[in-house]
Amino acid sequence: MNNLLQLKGRFEQASRSTDGFGAPNLPAGQSVNVSKLQDLLKNLKELREYWKGQNLLPGALISVRYIKVAAKSNRIQALLGKNSNKPNSSIVGAKFSLDASPKHIITHYVSRDILNESIQRLTHSINILNQQFDGEIDCDTIDKINQKKIPYTHKTIFKTNFLNVIVDAYYVEKFDISIEDAKFEQNAIITIYKTDVKTTQLLEKIGISVLSSRIMDETTILLRPDELEILKTKAPFLISMAVSDFSEITKDDFQFIDDGIITIDSPKNEPIIGVIDTLFDERVYFSDWVEYTNMLSIDIPVSESDKEHGTAVSSIIVDGPTFNPHLDDGCGRFRVRHFGVASGNSFNSFTILRNISEIVAANKDIKVWNLSLGSKLNINPNFISPEAAILDKIQFDNDVIFVIAGTNLSSGETVIRPIGAPADSINSIVVNSVDKDNKPSSYSRKGPVLSFFIKPDISYYGGDLRNPMKVCTPNGEALVKGTSFAAPWISRKLSYLINVLGLSREIAKALLVHSATTWDKQQSDPTLVGHGVVPIHIKDIVHSQDDEIQFVIQGISEKYNTYNYKLPVPVVKDKHPFISKATLCYFPACSRNQGVDYTNTELDISFGRLNGTKIKTINNNYQIDEFNHYTWEEDARKFFRKWDNIKHIREVLTGRNGELKAYDNHLWGLSLKTKERLEEKHGDGLKFGIVITLKEIKGVNRIETFIQNAQLKGWLVNQIDVENRIDIFNIAEEEIEFE
């Protein structure tokens with residue numbers, strides 16, 4: 001087998017060119033009738049009257065319903081904007097309609113002046129349409145106006161604003177107010193739309209007083225059922241999102257057995273994995289390997305059953321291969337820092353949110369965290385759960401990564417339901433379970449998240465009725481099944497890659513996802529298994545076949561285009577005898593209050609042969625030719641995973657693959673285009689990791705040629721030799737005693 005290669009070199013950075021950004025226009029062949037503008041004008045006038053009758057806010061909350069899933073370039077440019085106040089900067093929420101073909105519904109908070117300005121712009125545009133264009137205008141006419149073939153002499157509204165109003169009217173179906181009709185019998189976590197008035201002041205105005213202990217951030221609060229009813233009665237338009245604070249934990253089946261006594265050596269310098277779970281029983285045989293903290297209030301009664309789940313999860317992380325030799329991953333043992341945050345049956349989301357933030361902040365030395373708790377409740381299709389959002393923020397702010405169980409169906413359930421919180425965390429690795437034949441387990445729940453993000457990310461073995469997982473519990477050895485027991489195996493592999501081999505979390509995550517993919521067209525449902533099933537042994541992740549060249553590259557996005565055009569894929573008789581695949585991972589900033597438009601930054605990957613200055617991408621990514629091709633937002637998301645923070649592209653091995661033409665310079669290129677949703681530049685300085693595999697279609701090992709050519713092109717090439725890396729880790733972790 002070939003070692004994994006680590007390529008270190010310089011990525012060039014280039015700002016986005018403004019060439020090609022033309023004047024506003026409609027899609028080819030489309031037109032707008034004055035009746036559409038009149039309908040929108042009526043909407044805005046009704047909304048103005050509605051907000052005149054409200055004295056709670058100085059501004060107005062207005063929801064824009066689009067005709068489709070709207071790309072940023074298709075969203076309103078003239079309406080709900082004024083001078084330097086761009087409409088995009090006033091967005092406070094986004095969701096999808098419940099139509100068979102989803103449509104964007106985006107909520108803005110604007111001043112009354114901006115609302116009046118939009119009404120004026122629509123009024124002037126209606127007059128111009130009627131006076132000069134007989135009540136209708138099409139893309140050809142607009143093109144002639146832009147080229148000055150048709151004069152524009154109107155002074156009531158600037159030409160650019162007039163044309164933007166027309167384009168806005170084409171993409172907008174209606175203006176409205178969004179009302180969230182949330183009903184809960186217990187406490188609920190409520191998110192208010194962000195306005196220019198503090199949330200506590202708004203609540204006090206309508207008669208709700210909230211202690212600081214019930215405030216999570218500037219827009220998220222914990223309310224009792226009676227308080228929620230007051231809010232819904234007096235100001236229902238303020239509610240952006242609402243979820244129950246109480247979550248029942250998805251159950252995992254335990255069957256206890258007596259299979260003798262296991263012993264274990266004392267821990268030395270093994271890596272530490274953080275576990276956030278139910279309680280831990282310190283009487284078990286491996287307790288010396290676990291540093292335990294009980295985070296529950298002393299007022300909460302605790303039973304022995306409350307310790308079963310957490311103890312079982314930690315037993316896999318510490319010593320799983322000992323009692324599951326068929327899953328020996330070659331990673332050794334791990335120490336655990338275990339935090340008990342829930343009883344065995346339920347958890348309060350608000351309390352856990354605070355606990356997790358405090359735990360990670362106080363344990364900066366831990367890079368990998370295992371979270372095998374999950375809610376029975378389904379995730380919401382239009383927003384991320386508060387638990388997932390806090391995990392995503394922690395991972396953006398800190399160099400850590402969470403591994404989360406994909407949650408289970410209850411015993412007796414036959415209909416596959418959506419996953420539960422916090423398995424909707426975008427930055428985390430979410431793990432579902434498969435049986436020994438790599439088929440989804442009977443208890444698997446499914447994604448996607450926000451109707452688009454692939455969740456789970458990957459799958460692993462969590463036990464089933466025929467082949468249960470063995471764990472250690474307070475009552476001895478037990479046979480179990482559940483996604484809770486698949487996740488710890490992935491935590492072990494991640495910690496090995498990060499703590500022992502010294503790889504970044506971006507590379508480690510990309511390697512796991514990459515290893516789960518094959519050269520075939522994926523047959524399994526990605527909503528159940530994610531990108532695939534991770535190999536059992538670590539060597540199958542950090543090594544490749546003799547006819548494969550696998551290498552990793554990491555970098556930082558500093559400008560719009562981050563690129564390197566010096567990848568020397570071997571050439572034989574002016575041909576590249578390879579097929580290839582690549583996986584990109586990064587940890588973007590996320591905004592829960594943006595609803596379905598959750599990730600703030602997009603990295604779009606282009607990889608393939610270099611023809612002059614153009615990359616001939618292996619997945620035909622025509623998004624890179626932005627000014628020659630138009631890509632519908634739905635297509636960009638479906639085919640190129642736009643806005644997803646994991647992107648896997650590959651060529652399929654068919655047995656009939658031909659060699660690829662080598663262009664003049666014989667090089668391949670790699671380019672990442674950085675795109676932002678919000679005005680803040682969250683993508684500046686964003687780290688990324690890429691794994692690339694080249695497969696020689698005739699079975700020849702060409703890794704030495706690749707290494708030599710890469711070094712000649714200025715790359716520093718390191719071979720990830722596992723034995724050497726382990727020696728380095730052990731030496732680095734040795735305690736030196738000075739006499």
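Reader: In which hand does α8 pass α9 in their crossing, left-handed or right-handed?

Author: In this predicted model, the two helices pack with their axes 9 Å apart. As they go by one another, the crossing that α8 makes with α9 is right-handed.

Reader: How are α8 and α9 oriented to each other, roughly parallel or roughly antiparallel?

Author: The packing angle between α8 and α9 is about 15°. Angles under 35 degrees count as roughly parallel. The orientation of α8 and α9 is therefore roughly parallel.

Reader: Which residues make the contact, and how many of them are nonpolar?

Author: From α8 the contact draws on Ser349, Leu353, Ile356, Ser357 and Val360, while α9 contributes Pro386, Glu387, Ile390, Leu391 and Ile394. Sorted by class, the contact of α8 with α9 has two polar residues and one charged residue, and the nonpolar ones number seven.

Reader: How much space lies in the largest cavity?

Author: The structure contains three cavities of 30 Å³ or more. For the largest cavity, the space comes to about 60 Å³.

Reader: Which elements give two or more residues to the lining of the largest cavity?

Author: The residues that line the largest cavity are Phe347, Ile352, Ile356, Leu371, Leu373, Glu387, Leu391 and Pro422. Two or more residues of this lining come from each of these elements: α8 (349-361) and α9 (386-397).

Reader: How many charged residues does the lining of the largest cavity have?

Author: Among the residues lining the largest cavity is Glu387, and glutamate counts as charged. The lining is otherwise made up of seven nonpolar and no polar residues, which leaves its charged class at one.

Note on methods: Residues numbered from 1 in each chain as written. Predicted model: local features only at pLDDT ≥ 70, side-chain atom pairs only at ≥ 80, totals over all residues. Heavy atoms only, no water. 1 Å grid on protein atoms, 1.4 Å probe; cavity = no way out; pocket = protein on both sides within 12 Å on 5 of 7 lines; lining within 4 Å. Points joined across faces, edges and corners; volume = space filled by probe spheres on them. Helix = DSSP H or I, 4+ residues; strand = E, 2+ residues; numbered from the N terminus. Axes fitted to C-alpha atoms, helices over the stretch in contact; angles between N-to-C directions. Parallel < 35°, antiparallel > 145°, perpendicular 65-115°, else oblique. Left-handed = near helix turned anticlockwise from the far one by under 90°. Contact = heavy atoms within 4.5 Å.
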